[in-house]
Amino acid sequence: MKKIILVLAACLFSISMHAQGWAIGGRAGATVQFDAQYHWSRTYLEGRFGAGFCNHHGTVTADFSAMFNWKLCNWSDWTPNAGNWFLDAGVGINVGGRENYAYVGPAGIIKFGIQFTGGAKPVSLSLDWNPAFGAGIGYYHDRWGNYSNAAFNEMGLANIGITCVVHL
């Protein structure tokens, strides 16, 4: 049964990827993530999943972000032969963690970049800041009981990266 569901999900994913409005790529910086976007006229949804490096003790965490973004500004006359420059902003949620540690909280995003329009498929390259304002929760169990500690995840404010996506 699990195999059938997995095959069905893969088929639906591949069919939906051929639909107009999708962009896929990656993000590198405080995280290394797969990035998928679905664009409407002036807004788009963005989902990212990968490994986060911006946390206490320098350990690697699983990191997931889901964002709703607005296309605020578009400048097509700065470099007309190269592409269109843009400024986007959005809000969403950031979740992640590793063994004995988790973080969750609301997140914002601001992106400044260029969408190259010279090739067969447009490519967007942007610098973004994606601060997360949430709690970091450490927990462990020893022979005397369960313990936890929660505090503001200040490392979530340092989430800066470069995103590159291909518009399908």
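Predicted model: local features only at pLDDT ≥ 70, side-chain atom pairs only at ≥ 80, totals over all residues.
**Notes on the pocket and the nonpolar patch**

1. Residues are numbered from 1 along each chain as its sequence is written, and side-chain values use heavy atoms, with hydrogens and water left out.

2. That largest pocket has a volume of about 380 Å³. Of its 22 lining residues, H39, K71, Q115, S124 and H167 are the closest to the centre. (A pocket is an open set of points on a 1 Å grid over the protein atoms alone, where a 1.4 Å probe fits, with protein on both sides within 12 Å along at least five of seven lines; lining residues have an atom within 4 Å of a point.)

3. As for the patch, I110, F116, L125, L127, W129, I160 and I162 make up a nonpolar one on the surface, with about 630 Å² of accessible area together. Patch members have over 30% relative accessible area and no salt bridge, and nonpolar side chains are joined within 5 Å. A salt bridge would be a side-chain nitrogen of Lys or Arg within 4 Å of a carboxyl oxygen of Asp or Glu. Areas are Shrake-Rupley with a 1.4 Å probe.

4. Strand β7 (strands are DSSP E runs of at least two residues) gives the patch its largest share, 3 residues.

Terms used. Points joined across faces, edges and corners; volume = space filled by probe spheres on them. Patch = residues over 30% accessible without salt bridge, like charges linked within 9 Å, V, L, I, M, F, W, Y side chains within 5 Å. Helix = DSSP H or I, 4+ residues; strand = E, 2+ residues; numbered from the N terminus.
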